[in-house]
Amino acid sequence: MVNEETPEERLKKYKERIAKMAQSEGRESKLANHIEIEKPIVKREPPPQPIPKDAPIGPRPKPPPVLESPAKRELRESQVVKKRREALLSKLESKSGKSRIMLKAREKAIDSQLKEMKSRKSKLELQYKRKVIDRDEYERRMSILVSAGHDLLKEKAEIDKTFAK
């Protein structure tokens, strides 16, 4: 082994060398406790008191509420495809010039969601073709996809109108 010394011994030698170097340069060492032997710290705690069995257990403290960034909230909201048209219109009208970047980002998110919906549609058609799902389930899922797609297209049209202004 190269170093057969304990970490405490190495630290002590290191501090001694720094103190010698500081003395040779004629200045004080920056270490507050140079060459002092560190004493082990002993914590004294009162003996633990037994908990009576009849004592009621109080309510446990609740964890702090999770803070949520506005960007994450908006992404989560964008995944919910059914939105009220009026709320969308009022939201788009209240956007200022600064939010054009957010509108562009939202437009790209809508485009990616539309692509995802197309792939989900093709998967759904494949499942129906292979008879993994029956006709009723296929029609139900397809109607959900179609309505979600229409909502996304309406939202995209509103964003395009806002850009045109």
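Which residue's side chain meets that of Arg-120 in a salt bridge? It's Glu-116, at 4.0 Å from N to O, where a salt bridge means a side-chain nitrogen of Lys or Arg within 4 Å of a carboxyl oxygen of Asp or Glu. Before going on, note that this is a predicted model, with local features needing pLDDT of at least 70 and side-chain atom pairs pLDDT 80 or more, while totals for chains, interfaces and linings use all residues. Residues are numbered from 1 along each chain as its sequence is written, and side-chain values use heavy atoms, leaving out hydrogens and water.

Arg-120 and Glu-116 are four residues apart in helix H4, so about one helical turn separates them. (Helices are DSSP runs of H or I, at least four residues long, numbered from the N terminus.) Glu-125 and Lys-121 are also four residues apart in H4, and they form a salt bridge with the closest N and O atoms 3.9 Å apart.

Arg-106 bridges to Glu-155, with the closest N and O atoms 2.8 Å apart; Arg-106 lies in H4 and Glu-155 in H5, so the pair ties together parts 49 residues apart in sequence. Arg-106 counts as buried at 8% relative accessibility, and Glu-155 is buried at 5%. Here buried means under 20% relative accessible area, exposed over 50%, and partly exposed in between, using a 1.4 Å probe and protein chains only.

Glu-107, also found in H4, is buried yet has no salt bridge. The nearest side chain of opposite charge is Lys-156, 5.0 Å away; Lys and Arg count as positive, Asp and Glu as negative, with His and the chain ends not counted.

Next, the greasy part. The largest nonpolar core has 13 residues, and among those touching the most other members are Ile-110, Leu-124, Tyr-138 and Ile-159. Such a core is a set of buried Ala, Val, Leu, Ile, Met, Phe, Trp, Tyr and Cys residues joined through side-chain atoms within 4.5 Å. H4 (100-129) and H5 (135-164) each supply at least two residues, and H5 gives the most, with seven.

Finally, a search of the whole structure turns up one aromatic pair. Tyr-128 and Tyr-138 are stacked, 4.6 Å centre to centre with 20° between the planes. Rings of Phe, Tyr and Trp (its six-membered ring) pair if their centres lie within 6.5 Å; planes under 30 degrees apart are stacked, over 60 edge-to-face, and the rest tilted. Tyr-128 sits in H4 and Tyr-138 in H5.
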